[in-house]
Amino acid sequence: MINRILFSLFLCAFATISLAQVATVVDYTINENGQVELTVNSTEDNYYILQVRNNVSEEFDLSVSMTLGEENQTVITEALRNYPQAHYQVLEYSKSDPADTDNDGIDDITEYSNIPINNPLNAA
């Protein structure tokens, strides 16, 4: 029984992860306010989740922003702190098949459309 539960949890986690594709960062800059700006090739059909890690030996586990894609390229700003580029990862998701980044049962696009009532990065 426990094995079935663990396997089900694994499948749910894998299904969520498999929706994302790591987007290649084509430009990394620090703006006049000291914020990191990451540019990725993009389309209007996708949205992008910026993840950060405090140490390059750690996994990416902190999602800090969500940005709707623009045609050709999208600039994603990290408002909190400017780490070196190796501390960032951008995940690309389809708007037509959105993920639930914060695992609260509401997909990211629905939550993004209802900010400030909902937040796609915070289940609270």
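How many aromatic pairs does the structure hold? In this predicted model, the structure holds two. One of them joins Tyr47 and Tyr93, whose ring centres lie 5.2 Å apart with planes at 15 degrees, so this pair is stacked. The pair links distant parts of the chain, since Tyr47 belongs to strand 4 (residues 46-52) and Tyr93 to strand 7 (residues 88-94), 46 residues apart.

Both partners can also be described by their accessibility. Tyr47 has a relative accessible area of 0% and is therefore buried. Tyr93, at 7% relative accessibility, counts as buried because the limit is under 20%.

The nonpolar cores come next. The largest nonpolar core is made up of twelve residues, namely Ala23, Val25, Val36, Leu38, Val40, Tyr48, Leu50, Val52, Ile76, Tyr83, Tyr88 and Val90. At least two residues of this core come from each of strand 3 (36-42), strand 4 and strand 7.

The chain has a mean pLDDT of 88, and 85% of its residues reach 70 or more. Over residues 5-18, however, the pLDDT is below 50, and this stretch has one contact in the model beyond near neighbours in sequence.

Terms used: Residues are numbered from 1 along each chain as its sequence is written. This is a predicted model: local features need pLDDT of at least 70, side-chain atom pairs count only at pLDDT 80 or more; totals for chains, interfaces and linings use all residues. Side-chain values use heavy atoms; hydrogens and water are left out. pLDDT is the predictor's confidence in each residue, from 0 to 100. Contact means heavy atoms within 4.5 Å. Rings of Phe, Tyr and Trp (its six-membered ring) pair if their centres lie within 6.5 Å; planes under 30 degrees apart count as stacked, over 60 as edge-to-face and the rest as tilted. Helices (H or I, at least four residues) and strands (E, at least two) are DSSP runs, numbered from the N terminus. Buried means under 20% relative accessible area, exposed over 50%, partly exposed in between (1.4 Å probe, protein chains only). A nonpolar core is a set of buried Ala, Val, Leu, Ile, Met, Phe, Trp, Tyr and Cys residues joined through side-chain atoms within 4.5 Å.
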